[in-house]
Amino acid sequence: MTLEHAIHEALNQAVLPLKASDITKLVKPLVGRAATPKAVVAALESLVATGALNRIAAGTSGKPQPLFTPRSSESATAALLKQYVHLAKKEQPAAKLRTKLPEALLPHFEGALAQLVAAGDAFVLPGAKRLVFARKPKPSELLDAAKRRALQKMLDAANSVRSQAATLADFITWLDGDCHAGLDSPPIKAVILPDEAILRSWYDLDRLRSSTMMIPIPQTFARYEAWAAELGGAADSQVLRSLIETLYNNGHLLLEPCERPQDLPEQESALLVPMSLGPPGYSWCWLS
């Protein structure tokens, strides 16, 4: 087995891009003394030159530590992100997660994150920080101690007029979707999905009453809620957010950023749409 063949075999089996020193350790048992650090580096550069391997610039300018993989930069970014997300002890802000990538892979961050979400390998909680989880959390897992105390106070007040007292445990069971919870469960309405034509009609109605071309997304969501209610269904903020994001990425919409997303109420921050540069979008208009 040649050194080049051993390198290619080792990297094909590796999930992540590897440094030359790690590759040397993997191929040494296969080719013996031929796997010197200098020879491995030379073989790697030769494979990169022929297009057999992808060389990813990593490390610093003063101390470069390039990574090598037979996969594309997009696939390499997704593999690294998956490792960072699943090895973390808790959820991480997307912006912090992005800083862990080599600079050369930063342009692929959003696409790789969307790929992980689609595959069920990550979950993104919308909001100013865009928290990234290794899995979709239970609703109750988003309740910190302060929120639980506030809920307990609300239940204490409600229990004064209930025939049967409801406990916090009852509420959490209901919140997490158990239909046998002690609280009275409201009927679940199906989410109604708007399309581009419906979205355009809402925009045209709001544009007639607006002094600017830009319409706040929360205002559009209010239209969506009213429309869904008329049809006997429910509106979902993430459905609208996803539709606007798709149209923006396809070049059909223009977004205006929110300069201080941290000041928005939670229900509005959940509607913010990520932009290619800068803060997330709060208002929108058609480009046509």
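**Ground rules.** Local features in this predicted model need pLDDT of at least 70 and side-chain atom pairs count only at pLDDT 80 or more, while totals for chains, interfaces and linings use all residues. Residues are numbered from 1 along each chain as its sequence is written, and side-chain values use heavy atoms, with hydrogens and water left out. I took helices (H or I, at least four residues) and strands (E, at least two) as DSSP runs, numbered from the N terminus.

**Entry 1: helix 1 and helix 2.** I looked up how helix 1 (residues 3–13) packs on helix 2 (residues 20–31), and found an angle of about 125° with the axes 9 Å apart. Axes are lines fitted to C-alpha atoms, for helices over the stretch in contact, and angles run from 0 to 180 degrees between N-to-C directions. That angle makes helix 1 oblique to helix 2. The scale is this: under 35 degrees is roughly parallel, over 145 roughly antiparallel, 65 to 115 roughly perpendicular, and the rest oblique. The crossing of helix 1 and helix 2 is right-handed; a crossing gets that name if the near helix is turned clockwise from the far one by less than a right angle, and left-handed if anticlockwise.

I then listed the contact, which means heavy atoms within 4.5 Å. On the helix 1 side are Leu3, Ala6, Ile7, Glu9, Ala10 and Leu11, and they meet Ile23, Leu26, Val27, Leu30 and Val31 in helix 2. I sorted the residues of this contact into ten nonpolar, no polar and one charged. Here Ala, Val, Leu, Ile, Met, Phe, Trp, Tyr, Cys and Pro count as nonpolar, Asp, Glu, Lys and Arg as charged, and the others, Gly among them, as polar.

**Entry 2: helix 1 and helix 3.** Helix 1 also packs with helix 3 (residues 37–49), at about 75° and with axes 10 Å apart. The two are therefore roughly perpendicular. Leu3, Glu4, Ile7 and Leu11 in helix 1 meet Ala39, Val40, Ala43, Leu44 and Leu47 in helix 3. This contact divides into eight nonpolar, no polar and one charged.

**Entry 3: helix 10 and helix 11.** The axes of helix 10 (residues 217–230) and helix 11 (residues 237–249) come within 10 Å and cross at roughly 120°. I therefore noted them as oblique to each other. Their crossing is right-handed. Ile217, Thr220, Phe221 and Tyr224 meet Ser237, Val239, Leu240 and Ile244. The contact holds six nonpolar, two polar and no charged residues.

**Entry 4: sheet 7-9-8.** Three strands form an open sheet in the order 7-9-8, with antiparallel pairing; strands pair if DSSP finds at least two bridges between them. Strand 7 (215–216) and strand 8 (253–257) are at the edges with a single partner strand each, so one side of each has no neighbour in the sheet. Five bridges join strand 8 to strand 9 (residues 281–286), and Leu253 stands opposite Trp286. Helix 9 (residues 196–208) lies across strand 7 and strand 9, at about 95° to strand 9.

**Entry 5: sheet 4-6-5.** I found another open sheet of three strands, in the order 4-6-5 and antiparallel. Its edge strands are strand 4 (92–93) and strand 5 (123–125). Two bridges join strand 4 to strand 6 (residues 131–133), and Gln92 stands opposite Val132.
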